[in-house]
Amino acid sequence: MSRDFSRIRSSEEYHEAMRASIQDPARFWEAQAERFTWMAKWEKVLSHDFERPEVKWFLGGKLNITENCLDRHLGERGNKLALIWEPNDPKERYLRLTYRELYEQVCRYANVLKRNGIRKGDRVAIYMPMIPELMVAVLACARIGAIHSVVFCGFSAQSLADRINDAEAVAVLCSDGMFRGAKEMPVKTVVDDALGQCSTVKRVIVTERVQWSVNMVAGRDVWLHDELEHVDADCPAERMDAEDPLFILYTSGSTGKPKGVVHTCGGYMVYTDYSFRNVFQVEESDVFFCTADVGWITGHSYMVYGPTLAGATQVMFEGVPTYPDAGRFWQIVDKHAVNIFYTAPTAIRSLMAHGIDHVLPYSLHSLKVLGTVGEPINEEAWHWYKSHIGKNRCPIVDTWWQTETGGILISSLAGVTDEKPSHAAYPLPGVQPVLLTPDGKEITENEVEGMLCMKFPWPSILRTTWGDHERCRQTYFSNYKGYYFTGDGAKRDAQGRYRIIGRVDDVINVSGHRFGTAEIESAINAAKGVVESAVVGFPHDIKGQGIYAYVVTEEPVVDAEAMRGNIIEAVSAGIGRIAKPDRIQFVSGLPKTRSGKIMRRILRKVAENELDKLGDTSTLLDPTVVEEIKAGRI
Ligand code: WTA
């Protein structure tokens with residue numbers, strides 16, 4: 001009988017698990033999968049071919065992930081808290097749901113979906129603020145086998161419409177509006193705007209949050225609270241194949257529109273649970289608080305699924321870290337006795353900039369483990385987090401992963417394997433990273449740098465990109481044959497720890513959110529009077545990377561402020577305010593090669609203020625534009 005390594009508690013066990021996972025991956029993952037409730041056991045653990053690509057896990061296995069998130073816990077954890085929901089306004093009463101209550105709410109919502117004609121395999125777009133109904137709605141889709149596509153509420157009507165149309169969603173689940181800090185913002189009217197461009201949506205189910213009067217289209221829109229009157233809490237879980245899609249989540253790449261990353265039921269379940277328990281070293285009585293939004297992969301894997309699969313108690317927060325002041329996170333930590341706190345480096349840097357006075361009033365003594373995700377953490381922020389929040393007694397896990405990987409692949413295990421500032425550190429057992437040279441050779445020694453790739457699948461690797469498998473192949477599996485390519489560059493130190501350097505493609509990571517330069521450029525180009533544009537990232541103290549846009553206009557710009565305003569409006573409408581450029585420089589032309597390719601390297605160096613490192617510019621079509629661009633740098 002092999003060990004199941006369901007919980008790795010020492011460095012020796014880590015190494016043992018690592019060895020076992022490489023020697024016999026099928027056996028390693030089978031032991032993990034046996035922890036769950038399956039309606040039918042799998043016939044084969046794994047089949048994979050990275051060239052096509054085709055990866056399948058737990059073939060022939062039948063399950064419903066919500067049975068594992070909810071029903072499975074009712075016996076022993078029925079009265080345990082699943083969710084503590086903290087509203088935007090600290091004066092509003094918080095809400096607590098036990099596993100039994102969450103189960104009942106999910107079943108009732110699932111019955112509402114069925115009542116409204118939504119069936120297994122249908123795509124359902126979810127556009128909601130961070131309210132409990134969001135978590136319930138996502139799980140309700142999974143309960144009936146509908147494929148959810150959550151769209152972050154900060155995206156514009158246009159982005160929502162693009163995502164609805166790409167997935168041919170039949171329904172949208174939303175709220176009337178949302179609270180965000182001191183602001184109240186519309187949600188339903190954004191959905192209405194989007195639906196002007198969508199023909200597949202038959203139903204909109206609206207949750208009441210801000211009690212605004214909203215336009216309800218007869219025959220299409222219904223209120224959740226009305227619908228709930230007609231259903232009970234009995235909703236058997238739909239039987240799903242391990243490889244049936246569970247959800248689509250759109251993410252940006254270097255080219256074109258965002259693509260729909262597809263995750264499936266079985267492998268995703270096994271990996272999110274495994275990584276959640278091991279990385280954070282979660283104990284039964286722990287309270288976990290992840291500050292991400294469910295609209296991103298972190299909210300999917302480490303709010304909706306990982307913690308509920310593990311039967312943990314978690315805090316979900318509706319608001320923003322700076323409302324009513326920059327001590328809000330720490331107030332929540334003390335109020336709900338949070339033990340494990342997981343956030344983004346950009347939040348840490350921003351709170352650090354507000355000063356220690358916002359931290360000092362709170363004891364933070366409940367904290368045991370801290371985590372970061374989404375972007376590299378600089379050493380200064382790491383040390384501030386370690387000493388002022390963790391009081392030098394909490395391990396920090398710097399978790400590296402991606403929408404496409406479904407779960408954390410590289411991270412130290414809290415308090416089990418060692419940590420080093422700015423290093424994601426070690427692969428989880430079952431994960432096989434490699435560094436490649438630009439021409440695709442594996443670098444085996446340490447103290448090196450290369451392209452970060454994976455040479456063997458793990459259960460929650462993406463299966464395809466929705467409606468366009470070729471795009472999946474080209475983006476992730478074609479640059480280096482036989483490997484999954486992450487798009488990141490990384491270093492490996494003498495001890496084998498990984499340090500992520502950042503994207504090597506045209507993806508910018510702004511406050512932990514991914515945007516493709518092409519996507520932002522096309523939004524800018526839609527502004528009146530713009531001929532063309534080029535966007536690059538530049539180092540930003542708080543956001544990690546900022547967006548620097550070079551814009552060519554039809555007429556010489558007379559009122560630069562007004563023109564910048566137009567451009568920001570265009571980006572807000574095309575993508576959302578989260579993608580608005582930090583700097584906009586008007587130029588008469590872009591540096592291009594004789595074949596018409598934009599020399600981004602030059603633009604990046606100017607944005608980074610490394611004017612003496614532009615390299616050879618003699619091959620440009622018009623080298624004089626470079627002088628103009630240097631002189632006009634903002
Ligand atoms: C970056 C977020 C350094 C990386 C879960 C990756 C990180 C992209 C880290 C994925 C980290 C994520 N250290 N960089 N700990 N975590 N990244 O899909 O460039 O929103 O490719 O998933 O974020 O972003 P995504």
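Biologist: How many Å apart do the C-alpha centres of domain 1 and domain 3 lie?

Modeller: Happy to start there, with a predicted model in which local features need pLDDT of at least 70, side-chain atom pairs count only at pLDDT 80 or more, and totals for chains, interfaces and linings use all residues. Residues are numbered from 1 along each chain as its sequence is written, and side-chain values use heavy atoms, with hydrogens and water left out. Domain 1 covers 11-64 + 265-503 and domain 3 covers 510-631, with bounds from an automatic or database domain assignment. Between the C-alpha centres of these two domains the distance is 32 Å.

Biologist: Which residues of domain 1 lose the most area to domain 3?

Modeller: Buried area is the accessible area (1.4 Å probe) that two parts lose on being put together, summed over both. For this pair of domains that comes to about 750 Å², 51% of it on carbon and sulfur atoms. On the domain 1 side, 54% of what is buried belongs together to Trp 296, Thr 346 and Arg 349.

Biologist: Good to know! Which residue forms a salt bridge with Glu 404?

Modeller: A salt bridge here is a side-chain nitrogen of Lys or Arg within 4 Å of a carboxyl oxygen of Asp or Glu. Domain 1 and domain 3 have one salt bridge between them. With its closest N and O atoms 3.0 Å apart, the partner of Glu 404 is Arg 514.

Biologist: And how many residues of domain 3 are in contact with domain 1?

Modeller: Contact means heavy atoms within 4.5 Å. Domain 1 brings 11 residues to this contact, and domain 3 brings nine.
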